[in-house]
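Here is a short note to read beside the model. Keep the structure open and follow the points in order.

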Amino acid sequence: MPGNKYNGISSVVPTSRVERLLRDRELRKSSRASHPNDATDTNRGTEPLEHEGDNLGSSHVEQHSETAAIRGVLSEECEKQETRPARQRLLVVANRLPVSAIRRGEESWSLEISAGGLVSALLGVKEFEARWIGWAGVNVPDEAGQRALTKALAEKMCIPVFLDEDIVHQYYNGYCNNILWPLFHYLGLPQEDRLATTRSFQSQFAAYKKANQMFADVVNKHYEEGDVVWCHDYHLMFLPKCLKKYNSEMKVGWFLHTPFPSSEIHRTLPSRSELLHSVLAADLVGFHTYDYARHFVSACTRILGLEGTPEGVEDQGRLTRVAAFPIGIDSHRFIRALDAPQVQDRINELKRTFTGRKVMLGVDRLDMIKGIPQKILAFEKFLEENSEWQHKVVLLQIAVPTRTDVPEYQKLTSQVHEIVGRINGRFGTLTAVPIHHLDRSLDFYALCALYAVTDVALVTSLRDGMNLVSYEFVACQESKKGVLILSEFAGAAQSLGAGAILVNPWNITEVASSIAQALNMPPEEREKRHKHNFEHVKNHTAQEWAETFVSELNDTVVEADLRKRKVPPRLTPENAIKCYLQSNNRLLILGFNVTLTEPVDTPGSRGGDQIKEMDLKLHPELKGPLTALGNDPKTTIVVLSGSDRTVLDDNFGEFDMWLAAENGMFLRHTKGEWMTTMPEHLNMEWVDSVKHVFEYFTERTPRSQLQKRETSLVWNYKYADAEFGKLQARDMLQHLWTGPISNASVDVVQGSRSVEVRAVGVTKGAAIDRILGEIVHNKSMTSPIDYVLCAGHFLGKDEDVYTFFEPELPSDNISMAKSRAIDAFKLSGERKSSLKLPANKSGSKSSHGKTQRPLPNPDKKTPDHSSGSGSGRRPSPEKTSWNVLDLKGENYFSCAVGRTRTKARFTFGSSDEVVSFLKELAGAKSSFKVLTNLQS
């Protein structure tokens with residue numbers, strides 16, 4: 001990592017991501033200032049074989065500990081750097097290697113470097129040592145040829161991936177060029193012969209995944225610890241997942257050189273979810289513009305149901321950073337080329353040829369997205385409306401042929417030729433024509449000369465990832481100061497929009513007017529526009545782009561490591577089971593939703609299957625474990641859920657356990673009747689007014705739902721459109737705070753996609769003391785509880801249930817969580833918690849501001865608790881008491897399910913892990929019981 005040079009600058013360690021990146025940027029600047037000729041020397045003698053128009057190819061203690069953690073991570077990175085070469089290795093993985101390979105004999109190959117946008121970006125970079133991994137573009141079936149080509153490519157710092165013809169046909173020609181490329185450029189999926197397309201799609205996608213795995217195999221073979229792996233473009237969207245599966249610690253970045261479409265376009269792709277998940281395996285995902293990055297985050301939010309953040313996309317606590325990195329060009333190479341004798345000769349020749357005429361230029365691949373027909377038609381309209389310019393301007397259109405064997409491209413070529421012929425026949429003379437059209441590429445020096453004599457450059461792309469022709473034109477215009485007309489649908493419009501004339505290429509009239517504006521623009525305005533764009537092109541080079549991406553990728557890994565250190569570890573089943581078997585009185589508190597529920601498998605379903613997911617069902621594999629654990633007299637199970645009583649009755653009625661519904665406000669043993677644990681003077685007068693608001697927003701938000709409970713109201717928009725749901729939730733909260741609940745004693749609890757209104761103090765942690773008192777009395781416990789497992793997918797407001805049992809917390813910290821504890825429970829002043837219960841078991845616990853009475857009918861609404869009725873309350877306890885909780889730190893296991901930002905000690909990744917653990921726990925208990933019986 002470049003950070004290993006920080007020690008020579010300052011001893012102060014940057015503590016934030018922005019500080020680290022700014023420092024790294026200053027280091028790169030100072031390095032370039034001290035070695036100004038390095039990039040220049042690297043690029044000399046490298047000249048493209050073929051030019052392409054774009055770049056395909058909190059508290060003081062917390063703050064102190066966080067600073068210490070950052071220092072620790074950075075020092076670890078520096079230690080790793082000491083074992084690496086002077087420069088960090090960068091493995092650049094792209095579909096094609098930057099070479100053209102020609103076979104001269106059985107074991108003889110000739111290679112030539114072909115510099116495109118990506119190659120130019122990395123040639124002058126001195127911060128790292130780049131090695132290329134990709135397909136050489138030729139089929140090499142024999143082992144001798146493969147060995148010879150591998151050896152030849154090694155001299156060019158290239159490593160080949162050998163793909164056979166069938167894979168290339170299905171993967172490259174099929175899925176990449178026939179499915180992904182049109183879709184990403186808003187051309188849609190193939191429509192002709194739909195059944196055949198559907199059938200072939202499956203085989204093409206299978207070949208796509210196979211090819212990506214072949215790339216991954218080569219990367220894994222050559223990967224060394226500390227390397228950065230940079231995957232490029234839509235050809236390798238599956239690669240990050242393959243690499244992370246091999247090594248989760250590998251630094252992986254992925255960059256897309258095309259546009260990324262809006263989520264409504266991307267969702268038409270049959271493999272949409274699988275590809276998005278695969279890309280999200282990368283640490284850093286880059287795009288040319290913020291629009292493309294925003295579309296990607298939106299697709300992940302709307303299609304996958306994940307959480308979009310300002311930094312990127314979050315999935316179960318893991319953050320994939322998503323950012324925009326606009327690419328540039330090697331501007332100094334173009335500027336230097338203008339002084340070359342062969343370029344000056346061509347400039348003079350072109351000036352003589354077009355004396356007395358203004359030169360307009362278009363350089364594009366002959367492709368559907370480049371808008372060549374629209375450009376020529378706009379030029380025709382300009383000539384029609386401005387007859388005085390008919391013999392004073394010429395349009396030079398360079399159209400580089402591509403995919404000449406594809407019928408659609410052949411049709412486009414014919415269309416362009418027909419339009420050019422018609423316009424030249426209409427406005428041309430015997431000695432001059434208004435359009436010069438070339439179906440071929442130009443060498444680098446000829447292109448520079450053409451850029452230098454151009455007065456107006458026309459870029460009319462219908463969709464373009466970036467389009468570097470505009471950059472190259474600006475770089476060659478230091479003396480001419482020509483005007484750039486640029487499509488607003490090209491990525492370059494966001495970088496060069498201030499100095500260019502932006503147009504909608506579909507509006508022929510607008511483009512024609514812009515041509516007139518450019519040709520008649522005063523010199524002063526031309527100079528101002530050019531100066532702005534020239535500074536941008538000169539400073540935002542391809543080398544700066546590459547260095548910035550790798551620097552941010554390195555820092556993203558550091559940031560992820562810092563986040564990982566704040567995440568509680570996964571529960572170790574062996575230790576939890578060992579402590580369970582050695583204890584005498586165990587308490588298991590389990591959540592329900594996302595903890596014990598059966599997962600709903602809805603592959604590719606947008607927003608999930610709402611009907612199935614709303615119908616909460618106990619995981620079928622838990623019936624045996626829960627039965628076994630519930631039948632153990634030394635084990636007490638409590639299912640603590642926000643769901644209503646009916647849901648818990650339906651799922652757990654057959655087991656021997658306690659059910660606590662609506663965040664513990666209602667309690668019953670499965671062999672008994674429901675009772676309320678609510679405080680006696682709980683104010684519920686706010687319910688009707690809040691319900692009206694929730695009903696209003698439910699009607700106005702498709703697929704949202706209102707859940708009416710007896711102690712709370714929940715508005716859930718999990719299945720609604722993600723962006724619209726957030727807006728509606730924001731409006732709802734604003735209305736609630738200024739109206740119905742402005743003076744009410746309520747808590748508003750915001751979930752990831754829900755809004756809940758409860759009476760103040762209604763939390764799982766506040767209810768657990770009352771629940772525990774009832775359980776202890778009911779079971780007539782004679783030994784203290786010495787083992788507690790508390791696991792659930794609880795909202796932040798309800799995580800006080802974790803701290804309630806926490807033996808390791810200072811007494812000051814737990815006093816708030818236990819402030820509502822019943823009189824029968826006493827808190828010790830030590831770090832170990834002790835709860836007190838009356839020695840006379842028939843007396844039960846005191847009625848500390850609550851009622852306890854049977855509730856035989858769960859469907860009846862709870863009576864008004866404001867009357868202060870004390871019916872059903874047991875007599876107050878005697879003063880004599882004994883320890884109910886004798887809980888040591890090693891015997892307490894609090895576990896958050898599916899959450900990483902939590903107060904719990906440990907985590908479970910999903911309900912599947914909970915199921916697996918409970919099965920192990922039940923099995924170990926049975927085995928331990930058998931062993932104990934044999935020994936006795």
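**Notes on a sheet and some salt bridges**

1. The strands here are β8 (residues 284–287) and β11 (residues 318–324), which pair in the parallel sense over four bridges. Two strands count as paired if DSSP finds at least two bridges between them. Strands of a sheet pair through backbone hydrogen bonds, either parallel or antiparallel.

2. A word on the source. This is a predicted model, where local features need pLDDT of at least 70, side-chain atom pairs count only at pLDDT 80 or more, and totals for chains, interfaces and linings use all residues. Residues are numbered from 1 along each chain as its sequence is written, and side-chain values use heavy atoms, leaving out hydrogens and water.

3. Now the whole sheet. Nine strands form an open sheet, and the pairing is mixed. The order runs β5-β4-β1-β6-β7-β8-β11-β10-β9. At the edges stand β5 (158–160) and β9 (307–308). Each has a single partner strand, so one side of each is left without a neighbour in the sheet. Strands (E, at least two residues) and helices (H or I, at least four residues) are DSSP runs, numbered from the N terminus.

4. Next, charges. How many salt bridges are there? The count comes to 38. A salt bridge is a side-chain nitrogen of Lys or Arg within 4 Å of a carboxyl oxygen of Asp or Glu.

5. Look at helix α5 (residues 143–154). E143 and R147 form a salt bridge, N to O, at 4.0 Å. These two are four residues apart in α5, so about one helical turn separates them. Both E143 and R147 are exposed. Exposed means over 50% relative accessible area, buried under 20%, and partly exposed in between (1.4 Å probe, protein chains only).

6. Which residue forms a salt bridge with K919? The partner is E621, with the closest N and O atoms 2.9 Å apart. This pair links distant parts of the chain, 298 residues apart. K919 is in helix α31 (residues 911–935), and E621 is in the loop between α23 (610–614) and α24 (623–630). K919 is partly exposed at 37%, and E621 is partly exposed at 42%.

7. One more pair: K708 and E695 meet in a salt bridge at 3.5 Å, N to O. K708 lies in strand β23 (residues 705–708) and E695 in helix α26 (residues 687–700), so the pair ties together parts 13 residues apart in sequence. K708 is exposed at 51%, whereas E695 is partly exposed at 26%.

8. Finish with a network. Salt bridges that share partners join R709, E756, R758, K764 and D798.
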